Amino acid sequence: MGDVSDLMDPLERRAAVRNNRVERYRRMVEIRLVEDRVLELYAEGHIVGSTHTCQGQEAVSMGLATAARPSDPIMCTYRGHGLALASGVTPEAVLGEILNKTLGAIQGLGGSMHLCDPSVGLFPTFAIVGAGIPVAAGAGLAAQVLGRDDVGIACFGDGAVNIGAFHEGLNLASVWELPVVFVCENNLYGEYTRIDHTTPIDDIASRADAYGMPGIIVDGQDVDVVEAAVSSALDKARAGEGPSLLEMKTYRYAGHSRGDAGTYRPVGELEGWQRRDPVTIFGQRLIDEGFLTDSAIEDIARETASEIEQTVERVLAAPRPGIEEMFRHVVAP
């Protein structure tokens, strides 16, 4: 039997997580296990180029995707596997793209750093740090000019908050009262450098004050808290009340990319964050609410791992795009 998630189209997967808390948990487990498998596939030599995984940040991806509509254009960083899966892109399409196979979301032409599925609002993920911030402002401007109630969403890391695009994007969105939500995943590290070595403030959200917009600190380890914060900011933007900056306090368990072991982190820091693991927090809440049991939690982990492995086998057996595909979508005047 194939991966059940891959039998749904992206919009069906998106609807499932919006309507079902257990499906939300299942998707968070899927993100965690897909990312673990990506690291293994890289180590096994199956992945060409770089990869950036998001273990530990699943609540941000899931909460954002649950709150947003498929028509809200999302701009994400190269650490976008989790948000793609949370938004509805199938494991087959995500892994196919990462492995440069024709089963990928864009037929293996973009790879790990350029995931894309406009049907669920996911614009091509950006390899340049912070590049999606002004694009999200542009998406908000388009919605404003066209009279739509869609909201542009920029999802970026703390490493992006000291570059020009961040300040220009927030300033423009505020001046024109654009419907945009800026979501900073503050995982404490910009590549290999801790935030206190690059940024002279404790809370990135405080930078919103300079642009006359709300700056809200959010517990990025709690999917329900993330969803509520993003929903509130989206409602504000749709009502014509302008942009917001949300700072998600979170942590990435893996290193910055591929073979980075994260040896630059203080002893005990990782373990401290793992004690507030977003998957565990949400799973325990669903047990307390009566939606799941301990055995059901174990079943979901086992079933999801099996489905992912079947998907990996299918993707590895698929062909890579031919060299001629390089020019198929290039248009010359």
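Reply: One definition to begin with: a polar contact is a pair of N or O atoms within 3.5 Å, where, within protein, one atom must be able to donate a hydrogen and the other to accept it, and residues adjacent in sequence count only if both atoms are side-chain atoms. By that rule the side chains of Q57 and N187 are joined by a polar contact of 2.8 Å.

Some housekeeping: this is a predicted model, so local features need pLDDT of at least 70 and side-chain atom pairs count only at pLDDT 80 or more, while totals for chains, interfaces and linings use all residues. Numbering starts from 1 along each chain as its sequence is written, and side-chain values use heavy atoms, with hydrogens and water left out.

The helix to look at is α2, residues 21–43. Helices here are DSSP runs of H or I with at least four residues, strands are runs of E with at least two, and both are numbered from the N terminus. Q57 counts as buried because its relative accessibility is 2%; buried means under 20% relative accessible area, exposed over 50%, and partly exposed in between, using a 1.4 Å probe and protein chains only. Leaving out residues up to four places away in sequence, Q57 touches R79, E185, N187, T250, Y251 and R252, where a contact means heavy atoms within 4.5 Å.

Now for the helix packing. Two packed helices are described by the angle between their axes and the distance between the axes. Here the axes are lines fitted to C-alpha atoms, for helices over the stretch in contact, and angles run from 0 to 180 degrees between N-to-C directions.

Start with α1 (residues 10–19): its axis and that of α2 come within 5 Å and cross at roughly 120°. That makes α1 oblique to α2, given that angles under 35 degrees count as roughly parallel, over 145 as roughly antiparallel, 65 to 115 as roughly perpendicular and the rest as oblique. On the α1 side you have R13, A16, V17, R18 and N19, which meet R21, E23, R24, R27 and E30 of α2. Sorted by class, the residues of that contact are two nonpolar, one polar and seven charged. For those classes, Ala, Val, Leu, Ile, Met, Phe, Trp, Tyr, Cys and Pro are nonpolar, Asp, Glu, Lys and Arg are charged, and the others, Gly among them, are polar.

Next comes α5 (residues 91–98), which packs on α2 at an angle of about 25°, with the axes 12 Å apart. The pair is therefore roughly parallel, and the crossing is right-handed. E30, V34, V38 and L41 of α2 do the touching here, against P91, L95 and I98 of α5. That contact divides into six nonpolar, no polar and one charged. As for handedness, a crossing is right-handed if the near helix is turned clockwise from the far one by less than a right angle, and left-handed if anticlockwise.

Then there's α11 (294–317). The axes of α2 and α11 come within 9 Å and cross at roughly 45°, so the two helices are oblique to each other. The crossing of this pair is right-handed. The α2 residues in the contact are V22, Y25, R26, V29, E30, L33, V34, R37 and L41, and α11 brings I297, I300, A301, E303, T304, A305, I308, E309, V312 and L316. The tally is 13 nonpolar, one polar and five charged.

One more neighbour is α10. In α10 (residues 278–288), the buried residues are P278, V279, I281, F282, G283 and L286, and the buried residues of α10 pack against α2, α3, α8 and α11. G290, which follows α10, has a positive phi near 85°.

Last, follow the chain on from α5. The loop between α5 and α6 holds I106, which is partly exposed with a relative accessible area of 25%. I106 touches E97, H114 and C116, again leaving out residues up to four places away in sequence. Q107 is in that loop too, with a phi near 60°, positive although the residue is not glycine.
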